[in-house]
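This report is a first look at one protein model. Please have the sequence and the 3D view open while reading.

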Amino acid sequence: MSIFLSRHGAVDGTGIDAGVASHYGDPHREQVLLAEGLAAVDLSHRGVITIAGADRLTWLHSLTTQHLNGLTPHTSTESLILTPKGKVEHALHIVDDGEKTWITTEPGAAAPIVEWLDTMRFMLRVELEDVSGAYAVLGEPIGLESVPGEPVAWVDPWPRLVGDTFAYGPPVEEHPAQGWQWRELIVPVADVEAALGDRPLSGTWASEALRVAAWRPRAGVDTDERAIPHELDWLRTAVHLHKGCYRGQETVARVKNLGRPPRRLVFLHLDGSGHVLPDPGTELLPVEGGRAVGHLTSVARHHEDGPIALALIKRNTDPEMVLLAEHTSAAQTVIVPSDTERRPRRVL
């Protein structure tokens, strides 16, 4: 449990975000401060893994979806661990400080990741450690300035394209996360208060609203046991399309070449006339009636846009179709293209 839960007004989170504060008494103000870069959010429930040894980057390169050979120190990236059938198992935020590779991941995921990676070490020069208990994570939005070497930091590289010259979906300049980056500071637990300084804290309700507004998927929240990277638009940031074989690579290549993922992530503007929002997992139906076309994955209240959500829906669902989540109507904004035609857009 985070030390910041003892602060006045702190309300413990639920589900995947239990153990850190969902808010400190004023979610709206906390979100505004966080969006303006004046606050930080406690993410100390995230898992932290270190990997030492001369072979650490080439080894991770061979096991995950990202090109990690020669990763420049203090340059961050993200990668995925897939199942043999190409399903998303874990999402990794990665930075190397020149001596160790640091990974943050979703709450509760560090132990199974380390366990699996340990079985893949063979005779390579790598040393794994789950240091989640010794390190805390603080999250904050930042500008495009460089990241200092200390404390260790991971910067969300969204939006940018990895491993290809074309993007399937909104061009980078049209993406809502353009110019908006997210930094994770990884600091010893004993130093976390000093790293926070005199900045106010925001809760995860605030950070989740900003994440949803930026169309950023989250493993374990916007994914299920069937999710593949193409459906979540992770080809843009977490998958290198021209690297060698890794677990699940055959599925990535096949679906990429066919251009037909079964489902697609979509951003939704929800009707805000009601006081209660539908829960994640709520089925989405055509407003005219008919069978469910998908379900909500993330739901939030944004300080400017009002009620918003992310959802996974069938790929061929009409983008103009108004959807219904229980009694709440939802209008779509396309993230992953909906039709069967592959529409390349050049990223300059």
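## Basis of the model

Residues are numbered from 1 along each chain as its sequence is written. This is a predicted model, in which local features need pLDDT of at least 70, side-chain atom pairs count only at pLDDT 80 or more, and totals for chains, interfaces and linings use all residues; side-chain values use heavy atoms, with hydrogens and water left out.

Helices (DSSP runs of H or I, at least four residues) and strands (DSSP runs of E, at least two) are numbered from the N terminus.

## Enclosed space

A cavity is a set of points, on a 1 Å grid over the protein atoms alone, where a 1.4 Å probe fits but cannot get out; lining residues have an atom within 4 Å of a point. Grid points are joined across faces, edges and corners, and a volume is the space filled by probe spheres set on the points. Counted this way, the model has 2 cavities of 30 Å³ or more. The largest cavity holds about 390 Å³ of space.

Its lining consists of 23 residues, and those nearest the centre are His 93, Trp 182, Glu 184, Arg 211 and Arg 218. Three elements each supply at least two lining residues: β6 (88–96), β12 (181–188) and α5 (204–213). The most come from α5, with 5 residues. By class, the lining has 9 nonpolar, 4 polar and 10 charged residues. Here Ala, Val, Leu, Ile, Met, Phe, Trp, Tyr, Cys and Pro count as nonpolar, Asp, Glu, Lys and Arg as charged, and the others, Gly among them, as polar.

## Open pockets

A pocket is an open set of grid points with protein on both sides within 12 Å along at least five of seven lines. The largest pocket has a volume of about 730 Å³. It is lined by 31 residues, with Trp 205, Glu 208, Pro 280, Val 299 and Ala 300 closest to its centre. The elements α1 (27–35), α5 and β16 give two or more residues each to this lining. Helix α5 has the largest share, 7 residues. The lining of the largest pocket divides into 13 nonpolar, 12 polar and 6 charged residues.

The second largest pocket has a volume of about 190 Å³. Of its 15 lining residues, Met 1, Ser 2, Ile 3, Ser 44 and His 45 are closest to the centre. That lining has 8 nonpolar, 6 polar and 1 charged residues.

## Strand pairing

Two strands pair if DSSP finds at least two bridges between them. Strand β17 (residues 306–314) has two such partners described here. With β14 it forms an antiparallel pair over 7 bridges, and Arg 263 has Lys 314 in β17 as its bridge partner. With β16 (residues 294–302), β17 pairs over 8 bridges, again antiparallel; Ser 298 stands opposite Leu 310 in β17. A hairpin through 3 residues joins β16 to β17. Of the 9 residues in β17, 8 are buried (under 20% relative accessible area, with over 50% exposed and partly exposed in between; 1.4 Å probe, protein chains only).

Elsewhere, 5 strands make an open sheet with mixed pairing, in the order β10-β12-β9-β3-β13. Its edge strands, β10 (152–155) and β13 (201–202), each pair on one side only. Strand β3 (residues 40–42) runs parallel to β13, joined by 2 bridges, and Ala 40 stands opposite Leu 201 in β13.

Thr 282 lies in the loop between β14 (263–270) and β15 (283–286). Is Thr 282 buried or exposed? Thr 282 counts as buried because its relative accessibility is 11%. Its side chain reaches the backbone oxygen of Asp 279 at 2.6 Å. Leaving aside residues up to four places away in sequence, Thr 282 touches Gly 294, His 295, Leu 296, Ala 325 and Glu 326, where contact means heavy atoms within 4.5 Å.

Phe 122 is in the loop between α3 (110–119) and β8 (127–130), and counts as exposed because its relative accessibility is 64%. Trp 215 is in the loop between α5 and α6 (249–258); at 8% relative accessibility, Trp 215 counts as buried.

Note on methods. A polar contact is a pair of N or O atoms within 3.5 Å; within protein, one must be able to donate a hydrogen and the other to accept it, and residues adjacent in sequence count only if both atoms are side-chain atoms.
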